[in-house]
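Please look through the sequence and the model below before reading on. The report then takes up a few of its parts in turn.

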Amino acid sequence: MKFNTKTIHGGQEHDPAYGAVMPPIYQTSTYAQTTPGGHKGFEYSRTHNPTRKALENAFASIENGKHGLAFGSGLAAIDAVIKLLKPGDEVISTNDLYGGTYRLFTKIFEDFGIKFHFIGMENADKVEGYVNKNTKLIWVETPTNPMMNIINIQAISEVSKKHNLLLAVDNTFATPFLQRPLDLGADIVMHSATKYIGGHSDLVMGALIVKNDDLAERLYFIQNASGAVCGPQDSFLALRGIKTLHVRMQRHCENGEAIAKYLKNHPKIEKVYWPGFEDHPNHEIAKAQMDGFGGMISFVTKDSNYAEAIKIVENLKIFTLAESLGGVESLAGHPASMTHASIPKEEREKTGVVDSLIRLSVGIEDVNDLIADLEQAIG
């Protein structure tokens, strides 16, 4: 089954009760039993819910996995992965990553005795030098947030397999429409399904997808024991979002390319970060492991200062100044004061997240309207 068909039919069955084409919203906490333990596969909705199960099957299908797990947020999904570890274990992580992930790692799990090494992974050879007897996990974001760095998943997977480590990849920016990390050797794929998977800025959700049965069982146990699951209404919305993922991503990519090229040629723009440019440091890797370059773009102006960046994002009319990304509407953000504010300034700036950086999530509106909006805001 091809990807565009999987988004609509993958992992799905018509509802057995009445043949509903869309899985119904099973808005229930518990299920009738004929005898203690005698039920139809569902007993309590923290553990299993038919709507959530349909969504988890869809997650597995579109990522070419075997098992999908849905959580109450992307951070809840990441939290479950780190709970596979124990005090004294070490993690090698991308240094340019979502601020919430950095906060979870450093402010929560470091207090439980887990050590994190934040390094640039654009050169995969660099990673092996950080592996020691305590290393248990490599955490990758690609493209990274917000600098759009590209990491060679297959090369990192060779390191992880050589040393018997888990490799987890945050695939939020690319989505399985563009990139499928399990096929490239990853053990775990994570999504903030709040973003492109849901696609309509109306839910908060996280996802994990794996192939290995034993790893899935460990994660299912954590999911149930910790209880950070999503509800049936959000599961229904995410299922609806998946069905249009392929057509939305096509437009995100088309609009993203047009806006990236417009910004690169703008006389007031100093630098544009987008992996589709041939001068992007890992452009060839992006071409090899992705089926397109996505709709996420970051840039700085030649008047590179905080005030100029704030002026631009406040003057936008069609782009909405807001947290998050991946919805049908275009969003603009100021990472230093918004998504990455939890990272200390000196650490942010080491990776390029300076006060003048602006991040765009390019939506599916008419691209000429979006370009006109940027033109009037930049001036």
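## Two helices in contact

Which residues in H9 meet Leu245, His246 and Arg248 in H10? They are Gly241, Ile242 and Lys243, where contact means heavy atoms within 4.5 Å.

Helix H9 (residues 232-243) and helix H10 (residues 245-264) pack at an angle of about 60°, and their axes lie 5 Å apart.

## About the model

This is a predicted model, in which local features need pLDDT of at least 70 and side-chain atom pairs need 80 or more, while totals for chains, interfaces and linings use all residues. Residues are numbered from 1 along each chain as its sequence is written, and side-chain values use heavy atoms, leaving out hydrogens and water.

## The sheet

An open sheet of mixed pairing is formed by five strands in the order E8-E9-E12-E11-E10, where two strands pair if DSSP finds at least two bridges between them. Strand E8 (269-273) and strand E10 (320-321) are the edge strands, each pairing on one side only.

Strand E9 (residues 296-301) pairs with strand E12 (residues 358-361) in the antiparallel sense over four bridges, and Ser298 has Arg359 in E12 as its bridge partner. H10 packs on the sheet and touches E8, E9 and E12.

## A buried threonine

Thr94, in strand E2 (residues 90-94), is buried with a relative accessible area of 1%, since buried means under 20%. A polar atom of the Thr94 side chain lies 3.1 Å from the backbone nitrogen of Glu141.

Methods
Axes fitted to C-alpha atoms, helices over the stretch in contact; angles between N-to-C directions. Buried < 20%, exposed > 50% of the residue type's maximum accessible area, 1.4 Å probe, protein only. Polar contact = N/O pair within 3.5 Å; in protein donor to acceptor, adjacent residues only side chain to side chain.
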